[in-house]
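Subject: Structure handover

Hello,

Here is the structure I said I would pass on. My notes on what was found in it follow below.

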Amino acid sequence: MYEYNSRVRLTEVDQNQKMTLTGILNAFQDCSIFHSEDLGVGLLHLEGKKRMWVLRSWDIRIFRRPVLAEHIRVGTWPCAFGKVTGQRNFRLLDDRGELAACGDSSWVYMDTERMRPARVEEEIRLAYQMEPRLSLFGEQEAIAVPEKFTEEESFVIHARHLDVNHHVNNGQYVRFAAEYLPEGFRIGRMRAEYKKSAVLNDRICPCVSTEKDLCTILFKDASGKLYTIIEFRQE
């Protein structure tokens, strides 16, 4: 397992001084980047090979949200490789060493010139040490598309929404989606599936379905094609 120590920053907390889902997700993403960079198979290495990892899905569970300035420890490890895919788990420990949050993610290895999946090279596989997948994550089931939803006002993607791959970062979609949650909704679990990448000047059309303990948000393009679908469940 690869780990790093940190503290909960002011930019990572909400009005109640508790770490947000976006803060947790960003800590997980940073950890995976640090891991790959330290192994010599990070962004620059992949860029030279015309390759990149694209996130396909997230499953994040939150048991306790650490508070402002609390010491935390973030860890990650790969648990499977397919021909063109990879799977990675995450955990966040609080200052008592207890599990505050964990995550399961799946990725696709992409050829950036052809923009199509590419076979994961042996050097990439050998760079990582495999560890078992967290037992609390079962079979990955597709997020159910709600039959009824409310169409919200569309918005345009600006440069500030883009990441180093020049498309909207997966964490940005989660941040967008959280804005449609009912007041007082306490996130215990978040699942996301990514279908295609939004880029500069694309228009996002949100569709929202809210039940008692479940909120599902679809982000579509102007023609109705899906960018991503995100599901929130209350704790």
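E3 is partly exposed, with a relative accessible area of 24%; here buried means under 20% relative accessible area, exposed over 50%, and partly exposed in between, with a 1.4 Å probe and protein chains only. The side chain of E3 forms a salt bridge with that of R91, at 3.0 Å from N to O. A salt bridge is counted when a side-chain nitrogen of Lys or Arg lies within 4 Å of a carboxyl oxygen of Asp or Glu. This pair links distant parts of the chain, since E3 belongs to strand β1 (residues 2-7) and R91 to strand β4 (residues 85-93), 88 residues apart. R91 is also partly exposed, at 25% relative accessible area.

Before the rest, the basis. This is a predicted model, numbered from 1 along each chain as its sequence is written. Local features need pLDDT of at least 70 and side-chain atom pairs pLDDT 80 or more, while totals for chains, interfaces and linings use all residues; side-chain values use heavy atoms, without hydrogens and water.

- R65 and D14 meet at 2.8 Å, N to O.
- D94 and R64 meet at 3.2 Å, N to O. D94 is buried at 5% relative accessibility, whereas R64 is partly exposed at 27%.

The whole structure has 21 salt bridges.

As for the chain overall, it has 4 helices and 12 strands, taken as DSSP runs numbered from the N terminus (helices H or I, at least four residues; strands E, at least two). Its radius of gyration of 18 Å agrees with the value near 18 Å for a compact globule of 235 residues; the radius is taken over C-alpha atoms, and the globule rule is 2.2 Å times the number of residues to the power 0.38. The C-alpha trace spans about 45 × 45 × 35 Å along its principal axes. Of the 235 residues, 47% count as buried.

Regards
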